[in-house]
Amino acid sequence: MNRISLSYISCFIWAVVACDTDPKTNKNTDLSDNSSEKVSVLVSTGNRAQNFNKQTVELSENKPNTQATIILNPNQKFQSVDGFGSAITGSTCYNLLKMSAEDRKKFLVETFSTTEGFGQSYVRVPIGCSDFSLSEYTCCDKQGIENFALAEEDTKYLIPILKEIIAINPNVSIIGSPWTPPRWMKVNNLKELKPHNDWRGGHLNPKYYQDYATYFVKWIQAMERNGIDIDAITIQNEPLNRGNSASLFMGWDEQAAFIKLALGKTLKDSGLDVKIYLFDHNFNYDNLPDQKEYPLHIYNDPQAEPYVTGAAYHNYGGHYSELDNIHSKRPDKELIFTETSIGTWNEGRNLERRLVDDMEYLGIGTLNNWCKAVIVWNLMLDENGAPNREHGCKTCFGAVDISSSNYKTLTKNSHYYVINHLSHVIKPKASRIEHQNTANGNILCTSFQNEDGSYALVLLNKGKETTFVSVNDGKKNFGYHVPANSVVSFKWK
């Protein structure tokens, strides 16, 4: 972890600031230079007293306040950002299409519009089915790659919703991930090579490496023909998880072989400009000793490494500090965070409990440890966490719940807050910048400079009391009373 950019130093907050604010209204009560410049503020609290409340505070041009709580250093830059968003699964599309066209457009504009909404900018879609599909399927269930075709769930549910999102935000990035290859490509293990005609488990048969590489290319091209540009793929969702409703075991040696013997060259020869991300699984590698540091093994293969952009991670096991470990050993490769869920196991609908914890571990923790994107799991499920599949997650909640009684009533959960607070102020191509944080340990933050020069600061207050924070960007200052158990996003130029 970069210790300078994520300093959680316990001490009392300095009271010397260039301007002060009313703790109840957060409006300036004194501004000596009468500046008219504003800081835009977005604030949400765990008790829902403030839900994406928009405010402004004054920005002072007084001399730099070296005793500020948070001091930004835009001269020290780290990784750039690709975006923030959610998974658009078959289940999400099903629920969205149950809404009236008017209600659906209103929700999607709020979520994805860069001018009228929060500007979410990155979505993840399954290649074939997932545990949140309407059925088990791939795009080539009849043996023979010549039989490839998008399935009805793709054409009836996924593509129409993606088109609506793209119409609202044409610059949204899309990453695709398969849960399983076609079953005719699977074997029980790599020694016996017996057919494994099952949606769950098995291994990719090396005999079909080339066909499966062609499968990826055909899927990307089919999506393009439907007006959907794919920016990136992962090779296998959760490659160490044999038990999901649709799954495949693919150890790092198998993934490396598939890349260097088929996928890398096939994708390159197709002329498609699509990134390949490795792994797409947990920080702790599911505690399998031979799979530890999974991406590094593939980076060390000179035939596979040139085709690979970086690695993707989930957080169902382990700690985000693993991101810094991988970055420290291969700083030339990218890191993205592609899945996390809320559910019954973590009080997923209790915003009081989840809001600041999820921002700490999904937003601040991943970004301050080199991630270029943060994507959560299902954008929308109903109040029963449905539709879902047997052997998949039946206790997961969506970032947003929709009532199946009317497909109108929405409940926004912590993941919707986290992603929107990030995407509202941190724009694609923004660069993370160094900051010093001398607040008490309850104030955590991440800081960025957008491509247009504006600053973005997202912070949380884990404490039970309102805490005054002063911010200095090297030239200007502002102060803000951060409510207890809250997340606040700031943007200023």
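1. Two strands are taken to pair if DSSP finds at least two bridges between them, and helices (H or I, at least four residues) and strands (E, at least two) are DSSP runs, numbered from the N terminus. In these terms Met380 stands opposite Val400 in β19, and three bridges join β17 to strand β19 (residues 400-402), the two running parallel.

2. The model is a predicted one, in which local features need pLDDT of at least 70 and side-chain atom pairs count only at pLDDT 80 or more, whereas totals for chains, interfaces and linings use all residues. Residues are numbered from 1 along each chain as its sequence is written, and side-chain values use heavy atoms, with hydrogens and water left out.

3. For the chain as a whole, nine helices and 26 strands are found, and the C-alpha trace spans about 75 × 55 × 40 Å along its principal axes. The radius of gyration is 23 Å, which agrees with the value near 23 Å that a compact globule of 493 residues would have; this radius is taken over C-alpha atoms, and the globule rule is 2.2 Å times the number of residues to the power 0.38. Of the 493 residues, 62% count as buried, where buried means under 20% relative accessible area, exposed over 50%, and partly exposed in between (1.4 Å probe, protein chains only). With contact defined as heavy atoms within 4.5 Å, 73% of the contacts between residues at least 6 apart in sequence join residues at least 24 apart.

4. The sheet that holds β17 and β19 is open and has three strands in the order β17-β19-β20, with mixed pairing. Because β17 (380-382) and β20 (410-412) stand at its edges, each with a single partner strand, one side of each is left without a neighbour in the sheet. Neighbouring strands are turned by 30 degrees against each other on average, direction ignored. Helix α1 (residues 90-98) lies across β17 and β19 and runs at about 70 degrees to β17; axes here are lines fitted to C-alpha atoms, for helices over the stretch in contact, and angles run from 0 to 180 degrees between N-to-C directions.

5. Ser91 is found in helix α1 and counts as buried, at 0% relative accessibility. Leaving aside neighbours within four places in sequence, the contacts of Ser91 include Met380 and Leu381, together with Phe132, Ser133, Pro387 and Asn388.

6. Helix α4 (residues 209-225) has 17 residues and should span 24 Å at 1.5 Å a residue, and its end C-alpha atoms are 25 Å apart, which agrees; the expected span is 1.5 Å times one less than the number of residues. Among the buried residues of α4 are Tyr212, Phe216, Trp219 and Met223, and what covers the buried residues includes α3 (152-168), β8 (173-178) and α5 (252-269). Just after α4, Gly227 takes a positive phi of about 85 degrees.

7. Strand β25 (residues 477-482) is largely enclosed by the rest of the structure, because six of its six residues are buried. Asn477, Gly479 and His481 point one way from β25, while Phe478, Tyr480 and Val482 point the other way. Six bridges join strand β24 (residues 467-472) to β25 in an antiparallel arrangement, and the bridge partner of Val469 in β25 is Tyr480. The hairpin of these strands has four residues between them, and in it Gly474 takes a positive phi near 100 degrees.
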